[in-house]
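User: I have a structure open and would like to go through its local features. Can we take it piece by piece?
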Amino acid sequence: MKKKIFSILIPFVCIALYAQTSVNTFVQSPTMKRANISFLVKEVETGRVVIQHRADKVAVPASTAKLVTTATALEILGPDYTFQTKLEYDGAIKNGVLNGNIYIIGSGDPTLGSSHMGDSLFLKKWVEAVKNLGITKINGNILPDPSIFSKEGIAPKWSWEDMGNYYAAGAYGLSIYDNTYKIYFKSGAPGTTPEIIKVEPQIPGLVFELYLKAAANNEDSAYIYGAPFSNTRMIYGTIPAHRNLFVIKGDIPDPTQYTATVFADKLKENGIEVLQSATTLPINNNHIPIYTEVSPPLKEIIKNINYKSNNHYAEHVLRAISLSSNNQGSIVNSVQNIKKFWKSKGINNSGLILYDGCGLSASNAISASFFVDLLIYEKTKSNYSKEFLESLPVAGQSGTIKSLLKGTRLEGKVQAKSGSIYGVQCFAGYITKNNKQYAFAILVNNYSGTRKTVVKQIENLLLSVDN
C-alpha cells in the first residue's frame, strides 16, 4: 500500500517542483531581481494553491484594479442597472413660451454622447421632447444638475502629468462626449512649434499655452496639463514633424456646464429661443418631467471597461457603487462600500488599497491573494458569474490582451485583465488548462529592462502552470 501511495504522489511532487523552479527562475532573473512581485495561482474548484510568490504582499495593480470596480458594481448594482439622465422643467408654458427653466439632472452616465456606446443622437431627441411640449421660447435658463456625484471629478492621487489628458478625464454627475476633445495640429520642421488647426468639439473659453515642439522621430510624446474647471491648458512634449494633420486628445475642463451649453445651442439651432444658458443657479425641486435618457445596461458598460481598459467609464461606475447606500456618489464612499462588500463575503480586504476605480493612481495597492479570492468568488458563488466572465477579453484574440500568449498553447484559454503604467505590468484572470480552471494574478512593479521582456517572462510563467 505504501508503494502505491508513493507512486501516486510522485507526479504531484514533480509538478510542484517544476512550478517552483519556474517561479524561482522568474523572480531571480535580471529583469525581476529588484522588482516588487506578488503572484498567485489557485485551482478554482478546490482552492488548491498551485504556485505563489509573496501572494499576500501588495503591489501597484494599474488597470487590473478595474476588475475590483467592475466585479463589485455587478454585485451591488446588478447587470441591468442603467444610468438615467432626466430633462425636467419648472414654471409654466403659455402660448409657446416657457416662463421657467429646463434642468438636466445628471445620473453619472459615462455613455452620454460617448464614442463607444449609447445614443449618438441624444441631443436631437432632447430637442424633439422640448418641441413636443409646444415650447418655442424659454424665458429662463438651461440648468445642469450634477449633484448625484461629488464635485471631486479627479482622483486626488492622480499625477499632474496625467491630469488634462483624455485618459485622465474627470468623472462627474453630468458628463458628455467621454469628457474628451481633440486638438488637430499641423507640424513643420523639427524644433518648431506646431500650429493648432481646429479643436473638436469647440469648448468656449478654452485657452492653450503651447510649449509643444515638432520632432524628427515618429512618436507622440505630447502631454496636456491642466486642473479641473480651469480653461487654461498647457501642452508640452513633442509630436512628429512635417505632418499636415496630427491629433492629440484632452479632457473637457467642465463637462457639466458644457453639456448645458451644447443643449442650449441645439435648441437655438432648431428655432427655440433661450434667454440664458449654462448658468448655475439654486435648483428648484418642483420639476415636471420632459424626457429620460437611459444608458446601456451595466453589463455592457463593464465589458467595455475590461475589454478596452476604459478609465472614463470605470471612474463613473466606481462612484455609482456608493449610490446604493449614499445619496451622493464619491470615491471615498464607494471604496468603503467595496471593502465592506468583500469582507462580508469572507475575503480578507487588508490587501486592497484603492484611490480610484481605473487604476491610474500609483498609490493603489492590491495583493495577488485578494485578486484571486475575488476571481474565485465571481466564478463559483456570484449570481452574475456569466456577465463578469463575458466582460473579460481572451488572450491572443481580443481586447487589451489580444497579443498575449499569441501562438502558444494557452491562446484562447486565458481570460484576463491587463494593467500597465510606468514600471508596472500586471495580469489577473482565469486559465483553462487540462480540463481544469485556475484563477491567477501577477503584479510586477519596478522591473528592469523593457516591458516586452517582462510580458514574455510572464507568459512563460503562465505556461508553466500545472505543466
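User: What follows H5, and what is its phi, positive or negative?

Analyst: Keep in mind that this is a predicted model. H5 is followed by serine 309, and the phi of serine 309 is positive, near 55°.

User: And H5 itself, which residues are buried?

Analyst: H5 covers residues 298-308, and its buried residues are Leu298, Ile301, Ile302, Asn304, Ile305, Asn306 and Tyr307.

User: What covers the buried residues of H5?

Analyst: The cover includes helix H2 (65-77), helix H6 (311-321), helix H9 (385-390) and S22.

User: S22 is a strand. What is the strand order in the open sheet with S22?

Analyst: The order is S2-S1-S24-S23-S22, an open sheet of 5 strands with antiparallel pairing. The edges are strand S2 (49-53) and strand S22 (414-421); each has a single partner strand, so one side of each has no neighbour in the sheet. From one strand to the next the twist averages 5°.

User: How many bridges are there between S23 and S24?

Analyst: Strand S23 (residues 424-433) and strand S24 (residues 436-445) pair over 10 bridges, in the antiparallel sense. As an example, tyrosine 430 has alanine 439 in S24 as its bridge partner.

User: Which helix lies across S23 and S24?

Analyst: That is H10, residues 451-463. H10 lies across strand S1 (36-43), S2, S22, S23 and S24, and runs at about 25° to S23.

User: Switching to helix pairs. At what angle do H3 and H4 pack?

Analyst: About 60°, with the axes of helix H3 (residues 122-131) and helix H4 (residues 255-269) 10 Å apart. H3 and H4 are therefore oblique to each other. The crossing of H3 past H4 is right-handed.

User: Which residues make the contact?

Analyst: From H3, Leu123, Trp126, Val127 and Val130; from H4, Thr259, Val262, Phe263, Lys266 and Leu267. By class, the contact has 7 nonpolar, 1 polar and 1 charged residues.

User: Back to strands. What does S4 pair with, and how many bridges are there?

Analyst: Strand S4 (residues 84-89) is joined to strand S19 (residues 288-294) by 6 bridges, and the two run antiparallel. Threonine 85 has glutamate 293 in S19 as its bridge partner. S4 is also joined to strand S7 (residues 102-105), by 4 bridges and again antiparallel. There, lysine 86 stands opposite isoleucine 105 in S7.

User: What is the phi of alanine 62, then?

Analyst: Positive, about 50°, although alanine 62 is not a glycine. Alanine 62 is in the loop between strand S3 (58-59) and H2.

User: Is alanine 62 buried or exposed?

Analyst: Alanine 62 counts as buried, at 0% relative accessibility.

User: And histidine 242, what is its phi and where does it lie?

Analyst: The phi of histidine 242 is near 55°, a positive value in a residue other than glycine. Histidine 242 lies in the loop between strand S16 (238-240) and strand S17 (246-251).

User: Buried or exposed, for histidine 242?

Analyst: Histidine 242 is exposed, with a relative accessible area of 58%.

Methods: Residues numbered from 1 in each chain as written. Predicted model: local features only at pLDDT ≥ 70, side-chain atom pairs only at ≥ 80, totals over all residues. Heavy atoms only, no water. Axes fitted to C-alpha atoms, helices over the stretch in contact; angles between N-to-C directions. Parallel < 35°, antiparallel > 145°, perpendicular 65-115°, else oblique. Left-handed = near helix turned anticlockwise from the far one by under 90°. Contact = heavy atoms within 4.5 Å. Nonpolar A, V, L, I, M, F, W, Y, C, P; charged D, E, K, R; others polar. Pairing = 2+ DSSP bridges. Buried < 20%, exposed > 50% of the residue type's maximum accessible area, 1.4 Å probe, protein only.
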